[in-house]
Amino acid sequence: MQITVPLVIDIPDDAGIEQVESVVLDADRLAMCEAMRAVVAGMDAGPIVCPTCHGRTVQRDGTATRLVSTRFGRVSLVVRRVRCAACGQRCRPSAPLLAALGRANLTPGLRQTCVLAGSSWPFATAACVIADRCGAVVSAEHLRQVTRAAGHAAAGDGVSGCTRRRTTCGPRATSYARTRPGSRSVSDPAPPACLPVGRDGG
Ligand SMILES: [Zn+2]
């Protein structure tokens with residue numbers, strides 16, 4: 001699949017480098033969001049094979065909107081639904097593309113960025129950093145949940161020695177390191193030497 005998206009940038013005549021950087025970045029993000037929508041639209045428009053019976057005759061069954069938060073911002077995707085004429089099962093042609101999201105709305109890339117930020121700053125600060133650097137709106141509470149889930153996933157995978165500690169304002173961090181399996185969590189006064197990042201399906 002090859003897609004083309006427009007990139008229109010209006011630069012004021014008296015703009016300085018800082019303003020140009022900001023305008024170009026905003027335009028880039030809009031173009032990337034448009035590219036994401038175009039990819040989904042392209043999949044929905046292509047030949048569709050029923051995943052149940054492999055029939056190739058499908059009927060339109062409406063559309064659904066899916067909000068996805070990415071590393072370049074929040075994208076509202078229009079997802080097509082179809083019904084197989086042979087077996088009657090419904091499916092979404094773009095389902096394989098979106099499978100990594102699971103029931104969540106964060107892409108794996110943004111999720112990892114959230115974990116990195118959530119492990120480095122207070123969650124409220126991390127949310128601001130992500131909004132500024134990625135254009136993605138992720139609440140401090142969502143960041144906390146994502147970071148916590150990654151810590152638990154890493155702990156479940158047997159990763160040890162990676163702890164989190166916060167020294168500034170914001171929600172107090174939870175330490176994920178354990179002295180031994182089944183024992184209580186302990187805090188490590190040193191900054192985290194490594195980051196426990198685990199895939200949790202979203
Ligand atoms: Zn079918």
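Two residues are in contact here if their C-beta atoms, placed from the backbone, lie within 7 Å. With that in hand, let's look around this predicted model.

Start at Ala-126. Setting aside its neighbours within four places in sequence, Ala-126 is in contact with Ala-117, Gly-118, Ser-120, Trp-121 and Leu-143. Ala-126 and Leu-143 also belong to the largest nonpolar core, which has 23 residues. Both are among the members that touch the most others, a group that also includes Cys-114, Ala-127, Ile-130, Val-138 and Val-146.

Which elements supply at least two residues each to this core? They are α1, β2, α3, α4 and α5, and α4 gives the most, with 5 residues. Domain 1 and domain 2 both contribute residues, so the core lies between them.

Here is where those pieces sit along the chain:

| Element | Residues |
|---|---|
| α3 | 108–118 |
| α4 | 123–134 |
| α5 | 140–156 |
| Domain 1 | 17–101 |
| Domain 2 | 102–202 |

Now for the strands. β1 and β2 (residues 73–84) run antiparallel and are joined by 11 bridges. They form a hairpin, with 2 residues between the strands.

Finally, visit the loop between α1 (17–45) and β1 (58–70), where you will find His-54. Is His-54 buried or exposed? His-54 counts as exposed because it has 10 C-beta neighbours inside 10 Å, and the cut-off for exposed is 12 or fewer. The backbone of His-54 is worth a look too: its phi is near 65°, a positive value in a residue other than glycine.

Definitions and conventions: Residues numbered from 1 in each chain as written. Predicted model: local features only at pLDDT ≥ 70, side-chain atom pairs only at ≥ 80, totals over all residues. Helix = DSSP H or I, 4+ residues; strand = E, 2+ residues; numbered from the N terminus. Buried ≥ 20, exposed ≤ 12 C-beta atoms within 10 Å, placed from the backbone. Pairing = 2+ DSSP bridges. Core = buried A, V, L, I, M, F, W, Y, C linked by C-beta atoms within 7 Å. Domains from an automatic or database assignment.
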